[in-house]
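These are my notebook entries on a structure that I looked through part by part. I put down each term with its cut-offs where I first needed it.

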Amino acid sequence: MIMGMVSAEAMAEDKSQYHLFNPTPRNLMREMSTDRPDKTESAYTVDAGHFQVEMDVLTYSYDRDNGLPGDTRVESLSIAPMNLKVGLCNRADLQVVVETYNSVRTHVRATGQVERHRGFGDITMRLKANMWGNDGGRTALALMPFVKLPTNQDDLGNNSVEGGLIAPLAVDLGGGWGMALMTEVDVVRGDRGGHNPEFINSITVGHNIVGDLDGYVEFFSAVSTEEDSEWVGTFDMGLTYGLTEDIQLDAGINIGVTRSADDWNPFLGLSWRF
């Protein structure tokens with residue numbers, strides 16, 4: 001999520017001495033910040049020597065108006081895809097994104113043909129390095145290089161190594177309002193072979209609703225340079241609820257606003273820090 005508040009004690013302390021094998025003490029840790037449930041990544045890292053698990057308990061997507069011939073309907077179900085994080089030092093964490101189980105069903109109504117793919121998905125390795133604002137300030141910026149490894153089963157991916165760079169920016173707007181912006185450049189395999197740049201941008205605005213319940217709205221955009229590719233745009237909204245300082249529940253829905261985007265994608269998630 002957007003917020004990344006820290007205590008005055010943490011802001012005043014030099015935390016550069018802490019690392020994977022010398023964890024940050026509890027009283028100096030930042031408020032828990034997650035890269036979910038919005039698509040805009042967080043600019044804040046996991047504290048040194050600590051671990052964080054962020055996962056979709058269940059996520060479903062439905063897409064019918066996708067421009068494919070024969071009135072094609074695609075339904076996808078993912079169970080427990082997760083982002084496993086570890087704080088390497090005060091300004092960097094390492095992340096492993098694992099697609100544990102995916103099921104994709106494609107139904108062509110014109111012919112009645114149904115195609116199903118199920119199994120393990122791809123693994124993505126990411127490194128987040130905070131440039132500034134990790135432990136205080138009105139803004140925070142991070143850089144996140146990543147590489148996707150083609151580990152999928154049953155043709156659930158394009159069987160190609162891909163990568164990119166993500167740059168999330170967090171802004172404290174005051175009055176309990178927070179904003180996050182993200183720019184991302186990916187190099188992805190095209191449908192006709194070869195690799196093409198893809199440009200992703202998003203903006204999220206969030207605010208506390210009551211108690212430990214927060215809400216957000218987001219606009220997400222993805223544009224590929226591949227010939228004949230279509231713009232992907234979604235309007236997203238969701239809620240987060242902090243059960244404790246280290247456990248967060250979330251739920252939301254992403255709604256496609258362009259033909260190439262999934263029509264709708266509801267999800268339920270959980271994040272846990274230890």
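**Entry 1: the surface patch**

I looked up the nonpolar surface and found a patch of Ile203, Val217, Phe219, Val223, Trp231, Phe235, Met237, Ile255, Val257 and Trp264, which together have about 800 Å² of accessible area. The elements that give two or more residues to this patch are β12 (213-224) and β13 (232-242), and β12 gives the most, with 3 residues.

I noted that the model is predicted, that local features need pLDDT of at least 70 and side-chain atom pairs pLDDT 80 or more, while totals for chains, interfaces and linings use all residues. Residues are numbered from 1 along each chain as its sequence is written, and side-chain values use heavy atoms, with hydrogens and water left out.

For the terms, a patch takes residues with over 30% relative accessible area and no salt bridge, joining nonpolar side chains (Val, Leu, Ile, Met, Phe, Trp, Tyr) within 5 Å and like charges within 9 Å. A salt bridge is a side-chain nitrogen of Lys or Arg within 4 Å of a carboxyl oxygen of Asp or Glu, and areas come from the Shrake-Rupley method with a 1.4 Å probe, only the protein chains shown counting as cover for residues. Strands (E, at least two residues) and helices (H or I, at least four) are DSSP runs, numbered from the N terminus.

I then checked Ile203, which sits in strand β11 (residues 195-210) and counts as partly exposed because its relative accessibility is 34%; buried means under 20%, exposed over 50%, and partly exposed in between.

**Entry 2: the cores**

I next looked up the largest nonpolar core, whose 7 residues are Met144, Phe146, Ile166, Met182, Ile200, Phe220 and Ala222. Two or more residues come from each of β8 (139-149) and β12. Such a core is a set of buried Ala, Val, Leu, Ile, Met, Phe, Trp, Tyr and Cys residues joined through side-chain atoms within 4.5 Å.

**Entry 3: an aromatic pair**

I found 5 aromatic pairs in the structure. One of them, Phe51 with Phe274, is stacked, at 5.6 Å centre to centre and 15° between the planes. Phe51 lies in strand β1 and Phe274 in the segment after β15 (264-273), so the pair ties together parts 223 residues apart in sequence. Rings of Phe, Tyr and Trp (its six-membered ring) pair if their centres lie within 6.5 Å, and planes under 30 degrees apart count as stacked, over 60 as edge-to-face and the rest as tilted. I also noted that Phe51, Trp272 and Phe274 form one aromatic cluster.

Definitions and conventions. Buried < 20%, exposed > 50% of the residue type's maximum accessible area, 1.4 Å probe, protein only.
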